[in-house]
Amino acid sequence: MTYIHDTIAKLKKTSPAQAEFYQAVEEVLDSLQPILETNEKYQLHSIIERMIEPERQIMFRVPWVDDQGKVQVNKGYRIEFNSALGPYKGGLRFHPSVNAGIIKFLGFEQIFKNALTGLPIGGGKGGANFDPKGKSDGEIMRFCQSFINELYRHIGPTTDVPAGDIGVGAREIGYMFGQYKRLTGNYDGVFTGKSLLWGGSLVRKEATGYGCVYFAQYMLESKGDTLVGKRCLVSGAGNVAIYTIEKLYQLGAVPVSCSDSSGTIYHEAGVNLDTLKELKEVRKVRLNEYLTAHPDARFIPVADYPADGNAVWRLPADLAFPCATQNELSESDAQALVANGCIGVSEGANMPSTQDAVEVFLDARIHYGPGKAANAGGVATSQLEMAQNASMQRWSFEEVDEKLKVIMKNIFLSASETAAEFGEPHNLVLGANIAGFRKVADAMIEQGVV
């Protein structure tokens, strides 16, 4: 479609060298062709041209002092992408790979993900090219305080509500909230992912992983199948992966893998959740130490990975849950999964499958839950945290988990019903993108040229 092609070509000129952002935009716009071809109003109002440009891009330096007294400098970002449905909502990522293109890809995806939840939240994302690994608590605190010294003036409970992401957990949220409170004198719900001691929500830590599994459950149930007895591959070893594994066990499945930046654990008997939590949440060590407690497991170091992909996806299983990072699952990985009998993929990470890998899944007609739908449980529960803060209430674990299940079911139904409406009932990528786009685009039209 010339309109889409021209829009992407113009974007590449005005936002150069942002490969991940182009990938996210192309994936969404390609699947929007059916609705753009039949609804002239979206082109008349230049919706996609407006939607792919953030409402505001904030970039700033973050100077801080390390434990040796040396001044360090990082770059901070906050991309406030779209507020048509509510205040900007999206996480902060602290990782050395962070750059403008990655933050923009994440923020763009967040627009549609947040729209799919049915909750009143817009899309945004932020972070810094700071690496928390190997840093002391004092260094992380000083970095977080410096980061908020600039960001505080751009956020607020009805403006922009950041959360955590890779490298940003309850510790980092705590340091940032404390500095925000000190600077503004306000004790409000400006962050989500807070400690339970001071305004956090039960289930928030578990929500992305739990929601990813609920989405897989609903995909299977739509074809009369269940998770019971299914052998599952999971990548990653952070919050998303750990609580994906936990919920898989609760629903009768058998997760057999996890991974970190050093390699992959394959445990045919099933990953021991207690050991994994001890290694990653308490001791914060590499996964190869898993073998000390479980010598019957196998560790595959990164050096032994196939040249064209990731070892975790070359293992036999019924279902796959990519829960690590973007583009971790290649076309060759997807082909290996399908050849090994995998019947479904539910993405816990953001854009973990390359576009070529996605095409393999769609062509094979296996269950495929794209990240913007399958991993929306995290941001959904963040909004539930905002609701509790605003009403000064605390809901029980069971209440929040039940609300999460309902939200994930509604996301699945919205994506699947929209896919069927446009003649491709197996294509939840098309269904999720169109469902999210239509909601945001119609709101943008109603609010005028802003």
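Colleague: What makes glycine 123 in strand 4 the bridge partner of asparagine 82?

Modeller: In this predicted model, asparagine 82 is bridged to glycine 123 of strand 4. Strands are DSSP runs (E, at least two residues) and helices are H or I runs of at least four, numbered from the N terminus. Local features need pLDDT of at least 70, and side-chain atom pairs count only at pLDDT 80 or more.

Colleague: How do you know that strand 2 and strand 4 pair?

Modeller: Pairing requires that DSSP find at least two bridges between two strands. Strand 2 (residues 71–82) and strand 4 (residues 122–128) are joined by 6 bridges and run antiparallel, so they meet the criterion.

Colleague: Why are strand 1 and strand 5 placed at the edges?

Modeller: Strand 1 (56–65) and strand 5 (160–164) each have a single partner strand, so one side of each lacks a neighbour in the sheet. The order of this open sheet is 1-2-4-3-5.

Colleague: Why is helix 6 called roughly perpendicular to helix 18?

Modeller: The axes of helix 6 (residues 100–116) and helix 18 (residues 428–446) cross at roughly 85 degrees. Roughly perpendicular covers 65 to 115 degrees (under 35 is roughly parallel, over 145 roughly antiparallel, the rest oblique), which means that helix 6 is roughly perpendicular to helix 18.

Colleague: What is in contact with leucine 276, leaving aside its neighbours within four places in sequence?

Modeller: Its contacts (heavy atoms within 4.5 Å) are Ala237, Ile242, Ile245, Cys258, Val271, Glu281 and Leu287. Residues are numbered from 1 along each chain, and side-chain values use heavy atoms, without hydrogens or water.

Conventions
Axes fitted to C-alpha atoms, helices over the stretch in contact; angles between N-to-C directions.
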